[in-house]
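Hi,

Here is the structure I promised to pass on. Have a look at it first, and then read my notes below.

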Amino acid sequence: MTCPYIGRFAPSPSGPLHFGSLIAALGSYLQARARQGRWLVRIEDIDPPREMPGAADQILAQLEHYGLRWDGEVLWQSQRHEAYRAALDKLMQNGMSYYCTCHRSRIQQIGGYYDGDCRYRQRRPHNAAIRLKVDHPIRQFFDQRRGVIVCEPALAQEDFIIHRRDGLFAYNLAVVVDDHFQGITEVVRGADLIEPTVRQITLFQQAGWQAPHWLHLPLALNADGNKLSKQNHAAALPDGDPRFTLCQALRFLGQAVPEGVEDTTVETLLNTAVAQWDITSIPVNDAQNGLVATTAFSNDSH
Ligand SMILES: [Zn+2]
């Protein structure tokens, strides 16, 4: 019996969705639907200083507007602290993690990767981060589109932070605990997250959990060659007719764009895209493809 497919889209509410985040949302959606699977949405609201009030609701409204309907209830990471705490406690009890008081400046001086200096500290110091003790670094992993990805040894073997000095749960910890909790079978997301993937596979292994499969999508770059992101002020998705933008995203993902889009509904457009979805056509290189100002349809409302 094959395991049913469960995919997810997991934005952080630091701003509204832009074209780059639409690529991740649409790619994960199409892959899940083409596998007759479930597609879940998780709001990664564990870093309040980086969040924008109202962004989470705006993201959910944008997904609905673009016809990307998720299954079940949205999972909010802000409601999951007990689960993260339990995972941290278990790792500490099993000797798989330790407190670290090292400052970033020292780590930068030694080349940017942490050297395990605090590994054998006995007591819990004041104001410390918690790091995973990486005893069995992974050498490579398999990406469904890119094939075998060889990990940089310094990255793979670094004892990385799972609980921050400022008291917040680290991104890698929360993601792994939740992907396990939600039974995610495949993670489809942007190639900027290949480094976190290395760490997350390590954490899955040390927690004794089955890791999902991985599919990394190309990144949309702005005119300067930087990734479209909330940090560099990528424009929010247009809130007018979503069909043109969806077609742009399909093209970006190397997919066939259905004929006669002007005469079809968003739902039909997406159903056709699911039927035609072909991951072997997804480009592996990042590309400039921000939203252009002109639109193909005269009835576009913005
Ligand atoms: Zn340290």
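Helices (H or I, at least four residues) and strands (E, at least two) are DSSP runs, numbered from the N terminus. With that in mind, Arg8 sits in strand β1, which covers residues 6–9. This is a predicted model, so local features need pLDDT of at least 70 and side-chain atom pairs count only at pLDDT 80 or more, while totals for chains, interfaces and linings use all residues. Residues are numbered from 1 along each chain as its sequence is written, and side-chain values use heavy atoms, with hydrogens and water left out.

Back to Arg8. Arg8 has a relative accessible area of 5%, so it counts as buried (buried is under 20% relative accessible area, exposed over 50%, partly exposed in between, using a 1.4 Å probe and protein chains only). Not counting residues up to four places away in sequence, Arg8 touches several residues, including Trp39, Asp179 and Arg189 (contact means heavy atoms within 4.5 Å). UniProt lists Arg8 under "binding site" in an unreviewed entry, along with others, among them Ser12, Glu44 and Arg189. UniProt positions are in the numbering used here, feature names are shortened, and annotations may be inferred rather than shown by experiment.

The "binding site" annotation of the unreviewed UniProt entry also covers Lys230. You'll find Lys230 in the loop between β11 (220–221) and α8 (242–252). Lys230 counts as partly exposed because its relative accessibility is 23%. Leaving aside neighbours within four places in sequence, its contacts are Ser12, Ser14, Gly15, Pro16 and His18.

Now the metal. Which protein atoms are donors of the zinc ion? They are Cys100 (SG), Cys102 (SG), Tyr114 (OH) and Cys118 (SG), 2.0 to 2.3 Å from the zinc ion. Donors here are N, O and S atoms within 2.8 Å of the metal (3.2 Å for Na, K and Ca), and sites may look incomplete because water is not among the atoms. The angles among the four donor atoms are 102 to 120 degrees, which makes the site tetrahedral (for four donors, all angles must lie between 85 and 135 degrees). Along the sequence, the donor residues follow the spacing C-x1-C-x11-Y-x3-C. Both Cys102 and Tyr114 are buried.

Last, there is an open sheet of three antiparallel strands in the order β4-β5-β8 (two strands pair if DSSP finds at least two bridges between them). Its edge strands, β4 (97–100) and β8 (161–163), each pair on one side only. Strand β5 (residues 129–132) is joined to β8 by two bridges, and Arg131 stands opposite Ile161 in β8.

Cheers

Technical notes. Tetrahedral: all angles 85-135°; square planar, octahedral: opposite > 155°, others 65-115°.
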